[in-house]
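Good morning, colleagues, and thank you for making time for this presentation. I would ask you to keep the model in view while I speak.

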Amino acid sequence: MAFATLVSASGTGSAAGQTTVTVSAAVSLTDALTAIAERYGAEGRGSVRFNFGASNTLARQIVNGAPADVFVSADEAQMDVAAAAGLLKEGSRVNLLSNQLAIVVPSDRPRTMKSVREIADPAFKRIAIGDPAAVPAGVYARQYLEQEGLWDSIAARVIPAASVRAALSAVESGAADAAVVYRTDARVALRATVAWVVPVDRGPRIRYPAAILRGAADPAAAQRFLDYLRGEDAARIFERFGFARAAPPSR
């Protein structure tokens with residue numbers, strides 16, 4: 001089981017007595033959302049507390065009653081889990097962002113691939129991906145590799161990871177020879193380099209939906225933060241971290 005990380009972001013301009021919005025968000029959004037929340041707080045809009053983790057873990061936590069005001073998933077399937085349990089505020093669900101997959105390798109063994117087919121090279125003895133049975137990044141990775149006719153040739157070498165950041169860490173620590181992660185994760189890697197970026201027209205349709213939860217402590221505060229995530233200031237920060245806007249709304 002993956003354990004989520006709890007952080008708080010609030011600027012010196014936050015007004016006293018404002019509700020802290022609790023956001024359960026896909027771990028691949030850690031850097032971008034933390035930067036956005038710091039700006040949000042600095043502008044005096046309020047504070048935000050994050051629960052970052054693999055989206056499947058977050059969805060399970062929410063269904064089991066974990067407190068959260070907003071859920072941002074790395075795929076629609078995990079948002080559907082919360083929706084099927086009747087936990088989403090009606091009409092609040094939107095597609096927030098899109099992303100791409102990338103293959104990364106250790107920085108001390110850099111390599112540039114001319115084709116994704118090079119992932120089948122026996123030199124890649126251990127290939128880390130998010131658990132393809134549950135973690136969105138792993139589900140996307142398997143979908144893509146099956147589409148390219150490569151999954152069967154590498155399946156025995158796949159190391160399932162609890163989250164996409166765990167897959168990235170496996171490469172950075174030397175525990176894996178390559179990993180399939182999001183392009184945005186590759187951008188913030190310290191000891192991994194990009195070997196291949198999956199073209200948008202060949203890769204899976206990666207969407208990050210967001211929604212307010214029916215049990216939100218302060219629905220108005222949750223709506224304000226979600227609106228901020230959809231605004232121009234947040235868009236610029238998301239773009240700085242490599243995310244693109246997704247449209248139209250999913251529901």
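First, the basis of what I report. This is a predicted model, in which local features need pLDDT of at least 70 and side-chain atom pairs count only at pLDDT 80 or more, while totals for chains, interfaces and linings use all residues. Residues are numbered from 1 along each chain as its sequence is written, and side-chain values use heavy atoms, with hydrogens and water left out.

Let me begin with the sheet. Five strands form an open sheet in the order β8-β7-β9-β6-β10, with mixed pairing. Strands here are DSSP runs of E of at least two residues, and helices are runs of H or I of at least four, numbered from the N terminus. Two strands pair if DSSP finds at least two bridges between them. At the edges lie β8 (158–161) and β10 (192–197), each of which pairs on one side only. From one strand to the next, the twist averages 35°. Strand β7 (residues 127–130) runs parallel to β8, and 4 bridges join the two; A128 has I159 in β8 as its bridge partner.

Helix α6 (residues 164–173) packs on this sheet, touching β6 (101–106), β7, β8, β9 (178–182) and β10. Contact means heavy atoms within 4.5 Å. The direction of α6 makes about 145° with that of β9; axes are lines fitted to C-alpha atoms, for helices over the stretch in contact, and angles run from 0 to 180 degrees between N-to-C directions.

Strand β9 also holds A179. Is A179 buried or exposed? A179 has a relative accessible area of 0% and is therefore buried, where buried means under 20%, exposed over 50% and partly exposed in between, with a 1.4 Å probe and protein chains only. Leaving aside residues up to four places away in sequence, A179 touches A102, I103, V104, A128, A167 and V171. By contrast, A179 and K89 are 36 Å apart in space, C-alpha to C-alpha, and 90 residues apart in sequence.

I turn now to β2 and β3. Strand β2 (residues 21–26) and β3 run parallel and are joined by 6 bridges. In β3, S24 is partnered by N51 and A25 by F52. Because 6 of the 6 residues of β2 are buried, that strand is largely enclosed by the rest of the structure. For strand β3 (residues 48–53), 5 of the 6 residues are buried, so β3 too is largely enclosed.

Helix α1 has 13 residues and reaches 18 Å from its first C-alpha to its last, close to the 18 Å expected at 1.5 Å a residue; the expected span is 1.5 Å times one less than the number of residues. Its buried residues include L33, I36 and Y40. Just after α1, G44 takes a positive phi of about 80°. Helix α4 (residues 136–147) has 12 residues, which should span 16 Å, and its end C-alpha atoms are 16 Å apart, which agrees. Among the buried residues of α4 are Y140, Y144 and L145. G149 follows α4 with a positive phi near 70°.

How many aromatic pairs does the structure hold? There are 8. In one, Y40 and Y228 are edge-to-face, at 4.9 Å centre to centre with 65° between the planes. Rings of Phe, Tyr and Trp (its six-membered ring) pair if their centres lie within 6.5 Å; planes under 30 degrees apart count as stacked, over 60 as edge-to-face and the rest as tilted. This pair links distant parts of the chain, with Y40 in α1 (residues 30–42) and Y228 in helix α8 (residues 219–229), 188 residues apart.

Finally, P67 sits in the loop between α2 (55–63) and β4 (70–72). P67 counts as exposed, at 69% relative accessibility. The C-alpha atoms of P67 and A216 are separated by 7.8 Å, although the two residues are 149 apart along the chain.
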